[in-house]
Amino acid sequence: MSAATTRSRTPDRLCAEAVDLARAAAEEVAAPGVVGEHAGVVAEGDRVVTHFFECKELGYRGWRWAVTVARASRAKIVTLDEAVLLPGPDAVLAPEWVPWSERLRPGDMGPGDLLPTDADDLRLEPGFSGEDAPPPNSAVSEEMAELVEAEEAEVTDGPPRNLPTAPSRGSVAAVAEELGMRRARVLSRYGLHVAADRWEEAFGAKTPMAQAAPAACVSCGFLAPIGGSLGQAFGVCANEFSPADGRVVSLAYGCGGHSEAAVMPKPPQPAPPVIDETRVDPFPLRPAPDSGSVPPLPDEETAELGHS
């Protein structure tokens, strides 16, 4: 450890004894009666000492007034450096600031609120542009898929009716299972209408949220389409900040979390002032001779008419 480091950790004697100077500086900066008892000194460097005083002001529990004093080399006069209010070890501090985009939680959005999406939002991606189509000789192309299916077809010695068991591939049961038709019962037309009316009432175009939305769900990138006849009028919302997240919504429904609500509306501009206070209008002290209704007359004519 160097000698300079040792000296910097030991408070200077003259600076440490300047308690009255530090208290006077703290009382000048603070409000009257809020500077408490002396709470110690800390050596900031060579001939630089910080005095701490308790803060009695309401709402600042654990805070301390810190007054830094210093003196020049070989000088006996201690001078004031600065006086500030700093938090102590057990001070009550405000929580760390968090941006609004990270404070927002699902369910916080209300009617009329807008949630703009960033251009690089990870939850969105560009639509199909044709560049993602596989080349003709790719392993995932349609031509290669048909070729693989033909090579994997089952080969039999005779017609299927002569076999003890019919092949599963291509049978009615296998096709029905692939199409999701192995259920014993399915929704009737009435069941579909009842479900559509219920969803339209909960997340439809007549709700307050949809009335205040900037656009409808039919143009939102967070809308996941559904199959069947209901897909012509409904979809599933996939926006975690939307009040309809994970719900079946009408294509005419909408909220402030629309994927294309990236441009906030401009605030209304106030009307121009009627009185222009930046321009000076000249006003003559005496009216002009020709400003009245009676034309000016020479002195001779005035004398003849008897005017004095």
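Residues are classed as buried under 20% relative accessible area, as exposed over 50%, and as partly exposed in between (1.4 Å probe, protein chains only). The model is predicted: local features need pLDDT of at least 70, side-chain atom pairs count only at pLDDT 80 or more, and totals for chains, interfaces and linings use all residues. Residues are numbered from 1 along each chain as its sequence is written, and side-chain values use heavy atoms, with hydrogens and water left out.

Helices (H or I, at least four residues) and strands (E, at least two) are DSSP runs, numbered from the N terminus; two strands pair if DSSP finds at least two bridges between them. An open sheet of four strands has antiparallel pairing and the order E1-E2-E3-E4. Strand E1 (35–45) and strand E4 (79–87) each have a single partner strand, so one side of each is left without a neighbour in the sheet. From one strand to the next, the twist averages 20 degrees. Axes are lines fitted to C-alpha atoms, for helices over the stretch in contact, and angles run from 0 to 180 degrees between N-to-C directions. Helix H3 (residues 19–29) packs on this sheet and touches E1, E2, E3 and E4, its direction making about 115 degrees with that of E1; contact means heavy atoms within 4.5 Å. Strand E2 (residues 48–55) and strand E3 (residues 63–70) run antiparallel and are joined by seven bridges, and Thr50 has Thr68 in E3 as its bridge partner.

A further open sheet has three strands in the order E5-E6-E7, also with antiparallel pairing. Strand E5 (223–225) and E7 are the edge strands, each pairing on one side only. Three bridges connect strand E6 (residues 234–237) with E7, where Phe234 stands opposite Ser250.

The structure holds three aromatic pairs. Rings of Phe, Tyr and Trp (its six-membered ring) pair if their centres lie within 6.5 Å; planes under 30 degrees apart count as stacked, over 60 as edge-to-face and the rest as tilted. Tyr60 and Trp63 are edge-to-face, at 5.4 Å centre to centre and 85 degrees between the planes. Trp63 is buried at 18% relative accessible area, whereas Tyr60 is partly exposed at 32%. The planes of Phe203 and Tyr253 stand at 90 degrees with ring centres 5.6 Å apart, so this pair is edge-to-face. Phe203 is buried at 12% relative accessibility, and Tyr253 is buried at 3%.
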